[in-house]
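The following exercises are intended for a reader who meets this structure for the first time.

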Amino acid sequence: MAALPVVIAGAGPTGLMCALALGRQGIPVIVLEAEPALAHDLRAGTFHPPTLEMMAPYGITARMLETGLKVRYWQIRDRRGELVAQFDLDRIADVTPHPYRLHLEQHRLTPIQLDILRRETSAAVRFGHRVTGFAQDADRVRVEIAAGERNDAIEASWLIGADGGRSTVRKTLDIEFEGFTWPEQFLVASTHYDFAQHGFALNSYISDPVHWAAVFKMPHTGPGGIWRTACPADPNLPDEVLLGDDNIERTMQNIVPRDERYAIVYRSIYRVHQRVAKDFRVRRVLIAGDAAHLNNPMGGFGLNSGIHDAINLADKLGKVWRGEADGALLDLYVRQRRAATIEQVQAMSVRNKRLLEERDPAMQREQLLDLIAIAADADRSRKYLLESSMSAGLARANEVA
């Protein structure tokens with residue numbers, strides 16, 4: 001029994017982080033990824049202080065800092081593009097060695113994770129291997145796999161589903177994915193145009209009932225980096241219209257009007273969900289990351305919470321795998337991470353989005369005035385930053401017994 005590996009479905013940030021954290025403990029791990037290579041995902045790219053702290057012992061954070069952008073300040077701006085409030089993460093420098101957000105796209109993180117995993121552990125990563133189902137009994141899980149035209153199976157001690165929002169593992173467990181899908185789509189466009197010349201911090205949010213936006217700078221292959229924008233898109237229009245040059249140009253001009261057209265480097269569109277699985281565990285099968293919860297990107301919480309899941313789960317599963325604790329310890333993983341997801345990630349991301357899109361002028365003014373007051377008050381600003389950086393919520397969740 002002890003020789004059976006832990007099988008992880010999915011080689012995204014959550015799956016690879018979990019594999020590395022388990023592999024470092026000497027536990028045999030097999031990662032199964034349906035795609036032929038690591039995904040080139042442009043959506044996630046903000047890392048909060050506690051996430052950087054968690055990844056630092058594995059050598060990941062140091063590698064990320066080689067190319068990532070440190071973001072000490074972030075802003076809320078109004079519909080005219082004028083500054084409403086600016087927050088300085090240096091105000092929480094006494095509680096973290098990383099008093100900043102780090103901007104680095106997800107597709108730059110996973111190669112770092114994979115490289116360290118392969119160099120420092122015996123974990124196997126098998127691309128082009130899709131988990132199609134499984135059956136479990138008291139002491140093992142039989143994981144069914146499709147690799148090309150060949151079907152196979154692996155005997156595992158535990159199975160972790162880190163296989164994304166459409167998780168086969170979660171669906172096979174028949175766990176309800178509670179929540180909703182936002183009515184509008186999200187349009188993402190990237191440009192080399194420098195918004196900093198208009199006073200934008202490297203991470204800025206524009207509050208507007210129709211043309212709200214998130215604007216943030218990311219590292220890129222060329223000098224000067226690249227600016228990425230995320231804005232709402234009409235779900236009634238076809239993708240080819242939303243992604244067309246004219247619509248993208250109108251969207252960008254709503255952020256900063258200029259005489260010249262914007263040169264767009266990347267463009268994409270996607271729907272956003274706000275969901276949490278009713279349970280994260282059924283006997284010897286667990287789920288983590290997007291397989292367990294999805295949220296809108298306002299605040300940059302989704303990828304971070306997946307990393308938090310992985311570290312929490314690997315620590316507890318390692319003890320169970322070695323016989324130092326019984327399986328009940330994994331129920332603590334479920335309680336802690338569901339609490340963090342519901343009370344922190346879901347609540348804050350919904351609050352952030354509704355703040356940006358508030359349609360009642362009086363209510364919007366009241367909310368923006370409150371943000372001005374928070375930013376100007378050292379104590380309130382510090383408390384706000386501890387919450388928005390995920391530090392306070394993570395500490396509360398880790399106290400759940």
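**Exercise 1. Classify arginine 80 and glutamate 82 as buried, partly exposed or exposed, and describe how their side chains meet.**

Solution. The model is a predicted one.
Step 1. Exposed means a relative accessible area over 50%. Arginine 80 has a relative accessibility of 60%, and therefore counts as exposed.
Step 2. Glutamate 82 has 44%, so this residue counts as partly exposed.
Step 3. The side chains of arginine 80 and glutamate 82 meet in a salt bridge, with 3.6 Å from N to O. Side chains of opposite charge can pair when their charged atoms come close.

**Exercise 2. Determine which elements of the chain are linked by the salt bridge between aspartate 245 and arginine 267.**

Solution. 
Step 1. In this salt bridge, the closest N and O atoms of aspartate 245 and arginine 267 are 2.9 Å apart.
Step 2. Aspartate 245 belongs to helix α7 (residues 245-255), whereas arginine 267 belongs to strand β17 (residues 264-277). The pair, 22 residues apart, thus links distant parts of the chain.
Step 3. Aspartate 245, at 48% relative accessibility, counts as partly exposed, and arginine 267 counts as partly exposed at 33%.

**Exercise 3. State whether the radius of gyration of the chain agrees or disagrees with that of a compact globule, and describe the chain as a whole.**

Solution. 
Step 1. For 401 residues, a compact globule would have a radius of gyration near 21 Å. The chain has 21 Å, so the value agrees.
Step 2. The C-alpha atoms fill a box of roughly 65 × 50 × 40 Å along the principal axes.
Step 3. The chain contains 12 helices and 20 strands, and 57% of its 401 residues count as buried.
Step 4. The mean positions of the 48 positive and 51 negative charges lie 2 Å apart.

Technical notes: Residues are numbered from 1 along each chain as its sequence is written. This is a predicted model: local features need pLDDT of at least 70, side-chain atom pairs count only at pLDDT 80 or more; totals for chains, interfaces and linings use all residues. Side-chain values use heavy atoms; hydrogens and water are left out. Helices (H or I, at least four residues) and strands (E, at least two) are DSSP runs, numbered from the N terminus. The radius of gyration is taken over C-alpha atoms; the globule rule is 2.2 Å times the number of residues to the power 0.38. Buried means under 20% relative accessible area, exposed over 50%, partly exposed in between (1.4 Å probe, protein chains only). Lys and Arg count as positive and Asp and Glu as negative; His and the chain ends are not counted. The place of a charge is taken as NZ of Lys, CZ of Arg, CG of Asp or CD of Glu. A salt bridge is a side-chain nitrogen of Lys or Arg within 4 Å of a carboxyl oxygen of Asp or Glu.
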